[in-house]
Amino acid sequence: MTELIEKALQLLAAACAPEAMAVLDADPSELKETASLLERYAIPRSRGAKLLALVTLLELARKRHDGLTLADERLTGRILDGDYFQSLYVQLAVQFEEMELVRYLAPLLKRHYVRLALGEAGGERLVVSLEGYLRAEQAVSREEHAI
Amino acid sequence: MKPSLPETLHIDIKRINREIEHIVKYDKDVPRTSVLARSVLQLIRSGGKRLRPVLVIAGSRFGCAATGSRQYQLAAAAEFIHAASLIHDDIIDRSELRRGAPSLHTQTGVSAAIHIGNYMSARVVELLSGYTADHDRFVHDLSSLATAQLCLGEYEQLRHAYDYDQTLEQYLEKTRCKTAQLMATCLRTGALSADARPETAAMLYRFGEALGMAFQIEDDILDFTATAETLGKPAGSDLVRGQVTLPVLYALADPGLEPYIRAIQPETPAAEVNDVLERIRSGDALERSEQMRRQYLRSAMQAVEPLRSHPAYGQLEVLHRYFGGKTA
């Protein structure tokens, strides 16, 4: 699992533009739950690292934009970081050929922001959304196999 | 009355506006009377030149497929991305006005405004995520590459605030990221969406990038020459916020002006800033900036010279005249 997390963080470090001032400060211990999920679903290591990297970007974007006020000393940096991580997520998903994941998560991510914009609690945790995707993907694979 | 840019290009602006509004109105996840729906619609209806959607449609005319609902959807998505970036920009700049009206965060609070911007970006990703085929990959440039470039431009701006040692190259790179690349991507996306040849789309990209550079330089010049009413914000805002724009860079090369400009810091009184603005206006910095702008306009036309015999070439001439500051 540690190897998977390290590989995901390496992918992110390589993808992040040097001009970006965003710090990829993902906490490896927080990635363990997602890494463990990917292992449970027997996702091959190279793909697992990519999926973990993508979900980590979304998680970082959420954290950066959480609870911002004009009084925040790092307001500008946090806005830019969140925006950058979100666009990098799509960019990497295209590169990793994981657009089906983007398609699956898109309405969930959008509904999360709708709730927050309306002052409600956010949507489901990203690890839960990812599990939904992996489950759906395996169901399709089983159906295709049966045919 | 002079025809508008969309009228001259025979672009149905009402259809574009309808399509933009549909993005939020037909979103079943957004309550119709919610602050979210009202805020997005208010922002969209507050005006704006719709340059990015116009560029998508103009680009699509270089393809062999007819311009239709797909192109209008992409055009609307481009404007949605631009509008979302404006919400976050206004918070970053602490701007209380947008197009002469109170900016969104002053009405909803910062946290809600951040998430309204995020909603708009996520909605575009949702709409475009239907394009999963390999030959449709270019569609995602709008919500990934171009958007990431916008952020990189903003990072550069942040890094170089009140940096009077910024180089011309750094300024140009920031401008390319912040303004020019989204415009260029709009033209290319429009062209590829209508099955234009990749070489044609690449030429249109270079044309759009040069026009975008000229557009931003004009904006920089207007900060010194236009009135607050025209700008929708106080004149000289860039200098007050420590933005070392092209006229400021040229003015810094004048030893008589340099110390006055370098003295401008976040707490500098308005009267002192106004004095520096006046000094810059009376020097040759604006004229030199104008020359650079014209140079980009010339590069734009050179980039599309091989398309001269294309039936849609006239669209590019109209865009060139518009960005060149002449009436379309």
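Between chain A and chain B, five salt bridges are counted. The structure is a predicted model, and the values reported here were computed from its atoms. Over all chains, the structure holds 39 salt bridges. Across the interface of chain A and chain B, eleven residue pairs are found in polar contact, with both residues at pLDDT 80 or more. On the side of chain A that touches chain B, the elements giving two or more residues are α4 (75-95) and α5 of chain A, and the largest share, 13 residues, comes from α4(A).

The extent of the interface can be described both by residues and by area. The contact draws 37 residues from chain A and 40 residues from chain B, and the area buried between the two chains is about 3,700 Å², with carbon and sulfur atoms giving 70% of that area. Within chain A, the residues that lose the most area to chain B are M21(A), L80(A) and K110(A), which together account for 17% of what that side buries.

K110(A) also takes part in salt bridges to chain B. One of its partners is D27(B), with the closest N and O atoms 2.8 Å apart; this pair crosses between chains, running from the loop between α2 (13-25) and α3 (35-45) of chain B, where D27(B) is found, to helix α5 of chain A, where K110(A) is found. Both residues are buried, D27(B) having a relative accessible area of 3% and K110(A) a relative accessibility of 1%. A salt bridge also joins K110(A) to E126(B), and here the closest N and O atoms are 3.1 Å apart.

The side chains of R111(A) and D29(B) meet in a further salt bridge, at 3.2 Å from N to O. Because R111(A) lies in helix α5 of chain A and D29(B) in the loop between α2 and α3 of chain B, this pair joins two chains. The two partners fall into separate accessibility classes: R111(A), at 27% relative accessibility, counts as partly exposed, whereas D29(B), with a relative accessible area of 18%, is buried. The residues described above belong to a network of salt bridges that links K110(A), R111(A), D27(B), D29(B), R123(B) and E126(B).

Within chain B, a salt bridge is formed by the side chains of R279(B) and D275(B), at 3.1 Å from N to O. These two residues are four residues apart in helix α15 (residues 270-282) of chain B, and they are therefore separated by about one helical turn. Both count as partly exposed, R279(B) at 31% relative accessibility and D275(B) at 34%.

Contacts between aromatic rings were examined next. Over all chains, the structure holds five aromatic pairs. Among them, Y104(A) and Y133(A) form a tilted pair, with a centre-to-centre distance of 5.5 Å and an angle of 55° between the planes. Y104(A) lies in helix α5 (residues 99-117) of chain A and Y133(A) in helix α6 (residues 126-146) of chain A, so this pair ties together parts that are 29 residues apart in sequence. Y104(A) counts as partly exposed, at 32% relative accessibility, while Y133(A), at 6%, counts as buried.

In chain B, F215(B) and F323(B) form an edge-to-face pair, 5.6 Å centre to centre and with 65° between the planes. The pair links distant parts of the chain, with F215(B) in helix α10 (residues 198-225) and F323(B) in helix α17 (residues 313-323), 108 residues apart. Both phenylalanines are buried, the relative accessible area being 14% for F215(B) and 1% for F323(B). Ring pairs also link Y84(A), F85(A) and Y155(B) into a cluster, with members from chain A and chain B.

Methods
Residues numbered from 1 in each chain as written. Chains lettered and ligands numbered in written order. Heavy atoms only, no water. Phe/Tyr/Trp six-rings, centres within 6.5 Å; stacked < 30°, edge-to-face > 60°. Buried < 20%, exposed > 50% of the residue type's maximum accessible area, 1.4 Å probe, protein only. Contact = heavy atoms within 4.5 Å. Buried area = accessible area lost by both parts, 1.4 Å probe. Salt bridge = Lys/Arg side-chain N within 4 Å of Asp/Glu carboxyl O. Polar contact = N/O pair within 3.5 Å; in protein donor to acceptor, adjacent residues only side chain to side chain.
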